[in-house]
Amino acid sequence: MQSTAAVSVSASATASRGGARSEAARRPGGVRVCGLRGEALTCPSLRISQAPARLAVARAAAATNGAVAGSGGGFDYDLVIIGAGVGGHGAALHAVEEGLKTAIIEGDVVGGTCVNRGCVPSKALLAVSGRMRELHDEHHMKSMGLQVSSPGYDRQGVADHANNLASKIRSNLTNSMKALGVDILTGVGTIVGKQKVRYGKAGFPDKEITARNIIIATGSVPFVPKGIEIDGKTVFTSDHALKLESVPDWIAIVGSGYIGLEFSDVYTALGSEVTFVEALDQLMPGFDPEIAKLAQRVLINPRKIDYHTGVFANKITPAKDGKPVLIELIDAKTKEHKETLEVDAALIATGRAPFTKGLGLENINVVTQRGFVPVDERMRVMDADGNVVPNLYCIGDANGKLMLAHAASAQGISVVEQISGKDHILNHLSIPAACFTHPEISMVGLTEPQAREKADKEGFEVNIVKTSFKANTKALAENEGDGIAKLIYRPDTGEILGVHILGLHAADLIHEASNAIALGTRVQDIKFAVHAHPTLSEVLDELFKAAKVNSGVSHSVNEPVAA
């Protein structure tokens, strides 16, 4: 159960990303795409001459949505967004920019999981772990002529840093919406009928409002498999871990994905020993296998980390009455008992589940799929009969296409484009992801196995080139030569299929590759881009220059596309 649920979330995201690419190849030339040239260049008919057709598509979309900005029509709002996380915030700001009267409903606090219990406070903890790791690396310090004695930390001070950062970003998001005129409505939002939303909070009467268009942006919550008892103190999820109420001597982390890997970086830097419990046969199953293998050598093997793979945590009992946390492990295939671990604490990092209960979807004939709201490529909600529900959209973790905060924001912006009369499709393969360990891991597009599977089905070849951080001047100046960048591409066309990086500031470096995919830039073109020297960006410069495209393949022409 534990592995199935955790894997199903990942598989859903992967499938949708692959599907986005295959579906995009069949799109008519008149569709405007976010990550535009990623698909535009595969469609010869998408040229300036298509402007009348594109305008017709935009007008048709506007007519369908009835969403001309400020057009009134008896609705309280042009757009109501349920959920004020990063996705809802991004949609709200873009809606105001488009002239839409907008309200956002939040039942908890502005910022959602990312700002309050996810990416933002975790980066504060990881910033501390990075400093501690560097200060404790005596060889690294001496090689640069530095001397540091007895570095330490104040646990409460570290926790306060994470909490203060979350509070600051939450305040920034709230103020930005208020300044632009977005109405922030407090309460739990429920869809009660077509273009109708009720919201309210305990102890106060509910209110009902109407909206020309509605976006569901309710996000997700930590997924806890059956058999695991959470007490929030010795057995907990990432929500609790970010408070850093303790630093256990020995902690088990159930799951070795992004969340588990980042927390292993934090805990080991602060002095804990870590044991991974992974249901699949290898650690970091969602990463490109070659990158995962190198990451294990750099991020796991040298540290106080051991692991059990191919096992389920069948039962976890919190520490009490002087007894430690007990973790019963069973074989993932045979379900036979293997052993029982006794640890000081256990972090459950088995993925996230959509937060969609109580939305009132039954009122509009929508049935969730494993909790996810079904949507099409335009984020339009689909009902139980497979039909589009007019004027209703779902973005972010709640739809399961790609469970990343910035993906939610991009989906929200894409939806606002549509309801403003401009047809718009998001290319999910152009959306990057990052794991903020030390060193970092980042990726965009397909993994090597995914690319080869696609190539087998569609009948083309795949080439791989790699470059090392050990050959980069800036990385060597920092004494941070561990790492590689990997490019997966088509030698017949020069199309970039995927880029994966492990190394210093990999999370920042990936965007050149993601933008190249989004804009449809081919390797035969991007290799002529100029990079400042000496910078880490030259890792990608060398990577693209190393790619060999078949002779006879012409440079792509960046023709303008009609708006």
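Mentor: P439 lies in the loop between β21 (433-435) and β22 (440-445). Strands here are DSSP runs of E with at least two residues, helices are runs of H or I with at least four, and both are numbered from the N terminus. The model is predicted, so local features need pLDDT of at least 70 and side-chain atom pairs pLDDT 80 or more, while totals for chains, interfaces and linings use all residues. Residues are numbered from 1 along each chain as its sequence is written, and side-chain values use heavy atoms, leaving out hydrogens and water.

Trainee: What makes the peptide bond from H438 to P439 cis?

Mentor: Its omega is near 0°. A cis peptide bond also joins H533 and P534, with omega about -5°. P534 is in the loop between α16 (523-526) and α17 (538-546).

Trainee: Which phi value does M284 have?

Mentor: Phi of M284 is near 50°, which is positive in a residue other than glycine. M284 is in the loop between β11 (273-278) and α11. N365 also has a positive phi, near 60°, and is not a glycine. N365 belongs to the loop between β17 (352-354) and β18.

Trainee: Why is M284 called buried?

Mentor: Buried means under 20% relative accessible area, exposed means over 50%, and partly exposed is in between, with a 1.4 Å probe and protein chains only. M284 has 1%, so it is buried. N365 has 35%, so it counts as partly exposed.

Trainee: What makes P222 buried?

Mentor: P222 has 18% relative accessibility, which puts it on the buried side of the cut-off. P222 is in strand β8 (residues 220-222). Setting aside neighbours within four places in sequence, P222 is in contact (heavy atoms within 4.5 Å) with T237, S238, D239, G351, R352 and A353. The C-alpha atoms of P222 and T113 are 9.7 Å apart, although 109 residues separate them along the chain.

Trainee: Is S409 buried or exposed?

Mentor: S409 has a relative accessible area of 15%, so it is buried. S409 is part of helix α12 (residues 405-419). Beyond its neighbours within four places in sequence, S409 is in contact with V86, G87 and G90.

Trainee: Why is N387 called partly exposed?

Mentor: Its relative accessible area is 43%, so N387 falls in the middle class. N387 is in the loop between β18 (380-382) and β19 (388-394). Not counting residues up to four places away in sequence, N387 touches V381 and M382.

Trainee: What makes a set of residues a nonpolar core?

Mentor: The members are buried Ala, Val, Leu, Ile, Met, Phe, Trp, Tyr and Cys residues, joined through side-chain atoms within 4.5 Å. The largest such core has 48 residues, and L261, Y267 and I441 have the most contacts inside it. Helix α11 (residues 289-300) gives the most to this core, with 7 residues. A second, separate core of 47 residues includes A92, A217, V373 and I395.

Trainee: Which residues does L261 contact, leaving aside its neighbours within four places in sequence?

Mentor: L261 is in contact with F276, M284, F287, L299, I300, C435, T437 and I441.

Trainee: Why is α6 called oblique to α10?

Mentor: The axes of α6 (residues 119-136) and α10 (residues 258-269) cross at roughly 45° and come within 8 Å. That angle makes α6 oblique to α10. Under 35 degrees would be roughly parallel, over 145 roughly antiparallel and 65 to 115 roughly perpendicular; the rest is oblique. Axes are lines fitted to C-alpha atoms, for helices over the stretch in contact, and angles run from 0 to 180 degrees between N-to-C directions.

Trainee: Which residues of α6 and α8 meet?

Mentor: V120, P121, A124, L125 and V128 in α6 meet V158, H161, A162, L165, A166 and I169 in α8. By class, that contact has 10 nonpolar, 1 polar and no charged residues.

Definitions and conventions: Ala, Val, Leu, Ile, Met, Phe, Trp, Tyr, Cys and Pro count as nonpolar, Asp, Glu, Lys and Arg as charged, and the others, Gly among them, as polar.
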